[in-house]
Amino acid sequence: MTLPLGVYVHWPYCARICPYCDFNVFRARGREIEASDLARAIVEDLKAQAALTGPRDLVSIFFGGGTPSLMEPGHVADIIASARALWTPAADLEISLEANPTDAEAARFSALADAGVGRLSLGLQALDDAALKFLGRSHDAAQARRAAEVAGATFPRLSLDLIYALPGQTSVGWIETLRHAIALGSEHISPYQLTIESGTAFDRAVRRGVFRPPGEDLAADLYDTTQSVLEAEGFEAYEVSNHARGAAARSRHNLVYWRGMDYVGVGPGAHGRLTLDGARVATVAPDRPADYLRQVSETGLGFSARETLTAQDAAEERLLSGLRILEGVAFEDVAILGLNRDHPRVRDFVQLGLLVADTDRLRATANGRKVLDRLTTELATA
């Protein structure tokens, strides 16, 4: 039996860098030659990593970034074709790509669909001009709606990303945004709470007193509002920040991460997790495109760091990801941590209504998801 495998492709270029973003991104302007070289290097990296993994069943390909919708559709097609040739594609192979709703990117949707993309993850982030301006986005609300309509007519699957807990945001305003997003017809909505990441432009602005993010109580209210509005419209919170109308609408690629499956990471800064010789191996590629290109040129492989995780580390990672999803994590997968239904810490959290301990699985409740960092930290060190 061959192990299932996902492929993550990191495309690091953006037309502009958003003030809240701490991802590995670079401005696209003036990098056209480098971008072409990078697409070819990603294909070479895939080939080298396929030699390591051996035969696998390919269940998902995800183009993230950065702004992968800025890629030439021909490069997207080449990468997809290479992955399909190197591993055995599943009959329901999911191929996803992230995009922004600018008119320029929307004009490429048809070509990206022709290249093989079947699921678009559209970064709306907000649906009013004031919020979009605050977030530093390069599109307005009208463009967001147009792009969602075009994407819905072009791709079999569509996911919409939104950001909440903005300064001055109210529950009433957030409900209106959610309802407008639902009306766009997507079967998958990913609402993310704004976090102020160290080193970002927003981090510097907060430290200068330019604005203050909402307090914990308001953020919690907005989270609860998110759950109630989406649930009432038939969206199941199958993961902390991801809601789908039915199992078929769930992101299979993200489930690769949360279920602890293997995935190849290619592109600058990409991470991977592979089972090699029976051990869980973490891989990391160089952040800078030039360094990634050099790495592939010199070694064939794109990753520059490779670490074999201890059984303890692998189990902790499995616990962290598994409790994020509705189905939870199997006790068998975290046995080395000593966790089972009768563990005192597990029993305590069950009595508090934060966990559910089934016969063979551990799951976080709706209230448990609100304090997931605390839960996972205490369980991992129990």
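Mentor: Two atoms count as a contact when heavy atoms lie within 4.5 Å. The model is predicted, so local features need pLDDT of at least 70 and side-chain atom pairs count only at pLDDT 80 or more, while totals for chains, interfaces and linings use all residues. Residues are numbered from 1 along each chain as its sequence is written, and side-chain values use heavy atoms, with hydrogens and water left out.

Trainee: Which residues are in contact with Ala-205, leaving aside neighbours within four places in sequence?

Mentor: Val-210 and Phe-211. Ala-205 belongs to helix H8, residues 201-207; helices are DSSP runs of H or I with at least four residues, strands are E runs of at least two, and both are numbered from the N terminus.

Trainee: Why does Ala-205 count as buried?

Mentor: Buried means under 20% relative accessible area, exposed means over 50%, and partly exposed is in between, with a 1.4 Å probe and protein chains only. Ala-205 has 8% relative accessibility, and therefore counts as buried. The C-alpha atoms of Ala-205 and Leu-355, 150 residues apart along the chain, are separated by 38 Å.

Trainee: What does Ala-279 count as at 22% relative accessibility?

Mentor: Partly exposed. Ala-279 lies in strand E13, residues 279-284. Not counting residues up to four places away in sequence, Ala-279 touches Leu-274 and Thr-308.

Trainee: Why does Ala-330 count as buried?

Mentor: Ala-330 has 13% relative accessibility, so it counts as buried. Ala-330 sits in strand E15, residues 329-330.

Trainee: How do you know that the span of H1 agrees with its 22 residues?

Mentor: The expected span of a helix is 1.5 Å times one less than its number of residues. For the 22 residues of H1 that should be 32 Å, and the end C-alpha atoms are 32 Å apart, so the two agree. Gly-54, which follows H1, has a positive phi near 75°.

Trainee: How far does H2 reach from its first C-alpha to its last?

Mentor: H2, residues 73-86, has 14 residues and reaches 20 Å, close to the 20 Å expected. Its buried residues are Pro-73, His-75, Val-76, Ile-79, Ile-80, Ser-82 and Ala-83. The buried residues of H2 pack against E1 (4-11), H1 (32-53), E4 (57-65), E5 (88-99) and H4 (109-115). The loop between E4 and H2 holds Gly-66, and the peptide bond from Gly-65 to Gly-66 is cis, with omega near 20°.

Trainee: At what angle do H7 and H9 pack?

Mentor: Helix H7 (171-183) and helix H9 (216-232) pack at about 35°, with axes 10 Å apart. Axes are lines fitted to C-alpha atoms, for helices over the stretch in contact, and angles run from 0 to 180 degrees between N-to-C directions. In H7, Ser-171, Trp-174, Ile-175, Leu-178 and Ile-182 meet Asp-221, Leu-222, Thr-225, Thr-226, Val-229 and Leu-230 of H9.

Trainee: Which residues touch the most other members of the largest nonpolar core?

Mentor: A nonpolar core is a set of buried Ala, Val, Leu, Ile, Met, Phe, Trp, Tyr and Cys residues joined through side-chain atoms within 4.5 Å. In the largest, of 65 residues, they are Ile-61, Phe-63 and Leu-122. H1 gives the most to this core, with eight residues. Another core, of 20 residues, lies apart from it and includes Leu-323 and Leu-375.

Trainee: Which residues are in contact with Phe-63, leaving aside neighbours within four places in sequence?

Mentor: Among them are Val-9, Pro-68, Met-71, Val-76, Ile-79 and Ile-80. Phe-63 and Ala-330 are 29 Å apart, C-alpha to C-alpha, and 267 residues apart in sequence.
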